[in-house]
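These are my notebook entries on one model.

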Amino acid sequence: MLGLVLLSGTGASAFDIFGFKLFEDQSEIDADAVIGDPQPYSATLETSATSEVESAIRNASSLLRDQGSPASGAAGLIAKARGDYRHILAALYNQGYFGGTISILVDGREAANLPPDTSLPDPATVVLKVSAGPLFRFGSVRIAPAAPPTSDAGDRVDPPESVGFGAGLVARATVIEKAELLALDAWRQQGYAEAAVEKRDVVADHATDTVDVTITITPGGRAYVGDVGVSGTRRMDPVFVAEMTGLQPGDEYDPDDIAKAEKRLARLDVFRAMRVEAAGAIESDGVLPFNVVVEEQADRRFGVGATYSTIDGLGLEGFHLWRNLFGRAERLRLDAKVAGINWPVNTAEFDYAFGGTFTKPGFLNPDNDLVAAIAAERSVLPAYTETSASAKVGMTQYLDEITLDGSLYYERSLFEDDYGERNFSLAGLNGGLIWDARDSTTDPTEGFYVNVTAEPFYEFYYGNAAFRTTAEVRGYLRMLGDDQLVLAGRAKIGALVGPSIDETPPDRLFFAGGGGSVRGYAYKSIGVDQPDDTVSGGRYLIEGSLEARYRVTNDIGVVAFVDGGYVAADTFPGLEQLRLGVGAGVRYYTGLGPLRLDVAIPLNKRKGDADYGIYVGIGQAF
């Protein structure tokens with residue numbers, strides 16, 4: 001039987017109890033296990049702990065988790081049991097219980113006393129007896145010296161009390177670690193790069209069920225950025241790599257600047273791995289040199305993808321990317337797509353697209369890209385057929401979570417629709433703002449996403465000026481722990497100001513429908529209904545979606561959703577024009593994002609609309 005007593009510790013990363021480090025990797029626990037014949041066993045837990053603590057014990061115990069699989073012989077089972085003493089000990093500490101007892105009986109004998117060559121029955125019986133003991137609370141808590149207050153909002157760090165480190169609060173072991181990290185971050189945010197925990201004293205008083213904690217910090221000296229060296233480059237210009245970090249010699253050390261430097265390097269899409277690290281200790285004058293260690297990846301990359309819906313057919317796409325063309329992370333990407341492939345096959349109904357994009361990172365500053373692109377496409381849609389070619393040049397500016405872009409473009413196009421064949425020639429400016437505060441781009445569970453666009457343009461054939469704008473907001477809310485249930489919502493509006501509809505390029509008018517819009521309806525099939533049962537684009541758009549995403553297992557999830565879309569010509573008609581689609585889907589989660597299968601039904605279908613739509617893709621619908 002193991003009693004939980006003590007407790008004093010030194011060092012910055014773990015409690016030292018009975019010679020074992022807690023809260024560190026315990027993979028060495030099974031290192032001495034001798035592989036032998038499979039040893040089946042059954043394990044039970046006997047405890048009077050609360051449901052929350054019992055759950056923590058069960059999650060910590062490898063004996064309980066793995067009992068469906070035999071151990072590697074008797075020695076392997078005994079090693080697994082000995083490891084559980086430490087796992088359960090840490091779990092109790094993390095719940096604030098410092099006075100419990102643990103007994104693990106293997107075939108009625110304490111596992112801690114069994115030699116590895118013990119003979120065990122088949123199957124062996126394992127009983128874990130855990131008494132959590134009393135709940136401990138923090139008595140006196142002290143961090144010295146604490147970082148001085150700062151007036152710089154960018155340097156402010158949450159106080160240790162924010163994570164539960166305070167007198168009278170439950171003395172969870174993980175809280176002590178979190179408090180240490182906050183205390184160190186507070187020093188480092190103010191330029192003390194080598195701040196470290198010198199000593200941690202943790203004393204449990206079993207007479208009062210309290211834990212006293214004193215954390216002693218050595219701040220070190222204030223540091224300033226020195227020279228930035230680069231190692232590991234193959235084709236990349238090391239001078240350019242150093243410039244792209246944005247680190248300026250003489251600036252005060254700031255861990256946020258280091259994180260931004262690594263983010264800038266990752267955005268270059270050239271390196272398989274990279275890190276920015278201190279290249280030694282702080283010098284006598286406060287200068288701290290840095291080194292950028294990189295590993296370049298292949299200079300070329302290609303990819304393919306596919307989408308499918310029963311309404312819009314099969315779409316195939318691919319790209320070829322050349323990265324680091326001239327040694328400064330220049331990229332050239334060629335994209336091609338064929339879509340609208342249905343049965344029976346009719347090539348005249350296919351959509352085609354081809355384009356190339358050149359990107360020059362670090363054009364004006366480390367957070368600025370020059371982008372030039374050309375594209376040609378042919379699209380066959382319910383409302384019109386388009387054949388067009390375009391070219392643009394512009395810049396993208398990255399500001400933490402916000403991305404700004406602007407470009408000048410020219411486009412020539414031919415449209416065939418109810419107005420006949422019409423040519424258009426456009427020149428304009430595209431501007432956009434994206435604020436991406438999601439926790440993931442392929443499977444977000446919290447945060448939000450905002451996308452605003454503005455496009456003033458001039459059409460030369462008819463001599464008209466126009467202005468088009470859109471705004472889209474997406475939000476994500478966790479309803480159950482571990483991302484089990486997530487509510488996701490999306491809303492989009494759009495408006496076009498300018499000439500009459502018959503003198504406006506149809507692709508600048510608004511439509512809705514399709515897998516990324518209103519599921520259950522064909523792509524761009526929702527617009528302004530005409531008397532002859534055709535559809536044209538409109539000047540105004542309102543669109544939205546609501547999804548409930550439930551994760552059944554680690555690999556499988558289900559989704560229920562409702563989509564809606566509303567397009568108006570000049571004035572909004574009655575709500576009978578609102579198109580609604582409802583449905584459900586399945587998600588299979590992979591490392592690249594969830595594989596998506598949705599089935600949608602149009603609630604107020606029109607003549608010619610399908611009875612349902614099936615959509616397949618990668619990533620969540622939004």
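I took buried as under 20% relative accessible area, exposed as over 50% and partly exposed as in between, with a 1.4 Å probe and protein chains only. Helices (H or I, at least four residues) and strands (E, at least two) are DSSP runs numbered from the N terminus.

The model is predicted: local features need pLDDT of at least 70, side-chain atom pairs count only at pLDDT 80 or more, and totals for chains, interfaces and linings use all residues. Residues are numbered from 1 along each chain as its sequence is written, and side-chain values use heavy atoms, with hydrogens and water left out. pLDDT is the predictor's confidence in each residue, from 0 to 100. I noted a chain average of 90, with 93% of the residues scoring at least 70. Over residues 1-34 pLDDT stays under 50, and for this stretch the model has 90 contacts beyond four places in sequence.

I paired rings of Phe, Tyr and Trp (its six-membered ring) if their centres lie within 6.5 Å; planes under 30 degrees apart count as stacked, over 60 as edge-to-face and the rest as tilted. By this rule the count comes to 13 aromatic pairs. Phe98 and Phe136 form a tilted pair, 5.7 Å centre to centre with 50° between the planes. This pair links distant parts of the chain, 38 residues apart: Phe98 is in the loop between helix 3 and strand 7 (101-106), Phe136 in the loop between strand 9 and strand 10 (137-144). Phe98 counts as buried because its relative accessibility is 0%. Trp187 and Tyr192 form an edge-to-face pair, at 5.1 Å and 85°, and both are buried. I also recorded one aromatic cluster of Tyr384, Phe415, Phe424, Tyr462 and Phe511.

The peptide bond from Asp122 to Pro123 is cis, with omega near 5°; Pro123 lies in the loop between strand 8 (109-110) and strand 9. Ala144 and Pro145 are also joined by a cis peptide bond, with omega about -10°. Asp400, in the loop between strand 21 (385-399) and strand 22 (402-417), has a positive phi near 55°. Asp400 counts as exposed because its relative accessibility is 54%.

Which residues is Thr504 in contact with, leaving aside its neighbours within four places in sequence? I found Arg422, Phe424, Leu496, Pro499 and Leu509. Thr504 lies in the loop between strand 26 (485-497) and strand 27 (528-529), and counts as buried because its relative accessibility is 2%. A polar atom of the Thr504 side chain lies 2.8 Å from the backbone oxygen of Ser500.

Key:
A polar contact is a pair of N or O atoms within 3.5 Å; within protein, one must be able to donate a hydrogen and the other to accept it, and residues adjacent in sequence count only if both atoms are side-chain atoms. Contact means heavy atoms within 4.5 Å.
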